[in-house]
Each structure stands twice: as structure tokens, then as C-alpha cells.
Amino acid sequence: MSQKTLLPGALSDRGQQMTLGVMGGGQLGRMFVQAAQAMGYFTAVLDPDPASPAGLISHHHIKTAYDDEQGLAQLMQRCDAITTEFENVPAPALVTLGAHRPVAPSAKCVGIAQDRIKEKAHFAQAAAISGVAPGPNAAIETEADLAQVPDHLFPGILKTARLGYDGKGQVGVASRADLASAWQGLGSVACVLEKRLQLVSECSVIVARGADGQAVSFPVQKNTHIDGILALTEVFEGAVPADLAQRAQAATLAIAQHLNYVGVLCVEYFVVKNEAGALDLVVNEMAPRPHNSGHYTQNACDLSQFEAQVRALAGLPLPTPRQHSPAIMVNLLGDLWFNPNGVRPQASAEAVSPPWAQVLALPGTHLHLYGKLSARPGRKMGHLNITGPSVAAVRETTARVLALLGLPALVG
């Protein structure tokens, strides 16, 4: 389906308000809906959860499964273009939608991101133009593949090819003897074994690309994870060495070009030391959507990743984003509601709201909660963006925020 410019506030060919749709009703869909509505679009969400964060605020909420034929038909009737907020939307559903409406990203791109084996192969192919290759790895789909794994991949990390996220679907394997039992423990499904690398740090880059091939890059984000879940993102000059930052941005744009990608794409990288002892980049994985590490753009840039998603989907121009303030983003998990101020509650304790009044009394703090009706440990409930006039000011405020919330002191 070809793309034409969908102007905000205009009437569609069907005589309806211009409407943008999203498959998925989680927090990323909610923030896409907020950005689209702020620009004047109507919105529609397809998500089976009647209390989904995006569905609760959208003009239209289609409460069906993602592969429900009637639900997909309703979404097409409502919408002029459709995007997705998470990569595990069934690719065949996107194929169906894409035959009748512009869909960005495409089913092909989402399908590659859904499968680590395909993703690694794409990164290897794109390395010729991106200049950044994936780390040593091997696909494991059958028992015969176990015996073919090269010795140099140990110790490694065995990851399911599909449906793994936030550290789930991953097992460390120290030796070949561990590999078979680890594979069986993951259900003997298709997996990728990745050599365990000595990480210096992790970073990510978000780009937006239109159907006309115009592409722009956001600044490079330095990420800190705890137990496989993003805890904190730092974005300011010097957070990532300048030469690596330039390479990461160029590589991400090349990867998007190689995919003929349309929409917002996040690519994650490992910063490692090469054989010469110099810092180098290894491409890890990609997300065909806005990303947790890009939430700082809502308060630190003149174009957020969600407005960029709207613009790419609607065929609007994509100006180069400008970061106007140093920023740190703190991820807010449901644990905070059961462990306020870092004090462990009794086993029977009910959820208690964190000390937001104290946090928001600090300069440059911007709270974003996702409208989820209940908190539980490990659940992403929101994020906090901290901006300021200088890196030192932002780091100082962040340290105070982390102390108030009882979170690890991840900044000096």
C-alpha cells in the first residue's frame, strides 16, 4: 500500500477525521496516541485488554485479539494508516492490514525483529554498509546443531529466537556440557547461542525513516540494565565517546536503509574492547518501534520519538531532532509501589504510592505514569525524565531522585 501525506485535522477520503491506528495498547501505544492526538489526529487502538493504557485514552478501542478478522476489519475501516507498539504482533495480521492500508513498520521488518536468527543474519548482511557486525553467534534449531557449535562461543548466553525480552528466555552456558540441558530447559525451541562478551557499557540509537527514504537520528543513549531490564538512560555529550556515538548513529541509519524501514527503529549496541584494547561496537538487537531508552526525548528534545513515529506514519517531514537539555531517564517498575523509599514491606503489604511529591519538588523532574490500574513487581509502571542546564545538575538531581525512591545509586 503506497503512502500519501495524511494531514492532521483533515478529512480522509471516507469523509472521516484523519485517524491513525496502533496495534497494541500498552504504554508505547499510549504515548503514540498522546502524540497523535496533540497534533490533531483521531486514533484507534486494537488490543484485547479493556483496561489497556492506550485503549483507555484513544478515540476508538477495538477489544479483540490481534489476529481476529473482524477486529482487523474494524481497524481498517477506522484508520488511514496503522503502526504497531510491540514486535510480537502476529506478522500475518500486519500483512492483512498492509494490503489495504499503509502499515509502518512493514510486516517484513517486524518479522525480522521477531526472530533472533533472522535478525542476526540481517545484521551480518548490513555490516557491509553499517560497519558494525553482531558478536559471534550460532543458530540452534535441532539437536544436530548442538554438536556443530564452535568451541570459541563458550562461555555464552543461549537465547530463544522468539518471544524473549527484558532478560526472559535467556540462560548462561559455561561450557558445551551445559548447552544441551539449557536448550532442553528452554523447550528445545529455536535459539541463538551468543558468545559472552566483556562489556564496557551498552548504548542504543533511535532513528526515524519515512517512506520517501528521508531518515533522521536521535542522539546516542547510554543504557544501564539491572537483571536484564533497562534501569537508567543517560543522554548528554560525553556519555558515550564521540567516535563511537558517530559510528552508532551511522550504523543505525544504514541498518534502517538496508531494511527499507519506515517508522521509528531502535538498535542496541554493546561497547566492548577489541583485541587491540580499543573500544569498539557490536550490534545486539533491534526494536521496530519506539523504545524505553528513547523516553527522554519527550522532555529533552524538540521532537520526541513518538511525534517522529506519527510523522513517519503520516508521511510528514522529519526534521533532525535537536536535544536542548542534558537528560537522564529512570525506569519505574512496580517494585517501587511495594518497596517505597527502599524499605522492604511486610509480606502482606499492599501497594503504596512512591513519594512523588518529594521527587517532583526537585528541579527538572518530569513524571510519566502509564495509566496501569495495578502495580506488581517487575511491571513497567512509568518513567521519570530529569533535565537540567548542565550535566552536573542533571546527575545531581538524579542521584537525589534515586535516593528518594530507594533505587541503586547508578550515577555519581
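**Caps, bends and buried cysteines**

Tutor: Let's start with Asp115, which caps the N-terminal end of α5: one of its side-chain oxygens sits 2.8 Å from the backbone nitrogen of Ile117. This is a predicted model, so local features need pLDDT of at least 70 and side-chain atom pairs pLDDT 80 or more, while totals for chains, interfaces and linings use all residues. Residues are numbered from 1 along each chain as its sequence is written, and side-chain values use heavy atoms, with hydrogens and water left out.

Student: Where does α5 bend, and by how much?

Tutor: At Ala124, by about 25°. That's the angle between axes fitted to the seven residues ending there and the seven starting there.

Student: Why is Cys301 called buried?

Tutor: Buried means under 20% relative accessible area, exposed over 50%, partly exposed in between (1.4 Å probe, protein chains only). Cys301 has 7%, so it counts as buried. Cys191, at 0%, is buried too.

Student: How do you know that Cys301 is in no disulfide?

Tutor: A disulfide needs two cysteine sulfurs within 2.5 Å. For Cys301, the nearest cysteine sulfur, that of Cys266, is 14 Å away, so there's no disulfide here. Searching the whole structure turns up 0 disulfides.

Definitions and conventions
Helices (H or I, at least four residues) and strands (E, at least two) are DSSP runs, numbered from the N terminus. A polar contact is a pair of N or O atoms within 3.5 Å; within protein, one must be able to donate a hydrogen and the other to accept it, and residues adjacent in sequence count only if both atoms are side-chain atoms.
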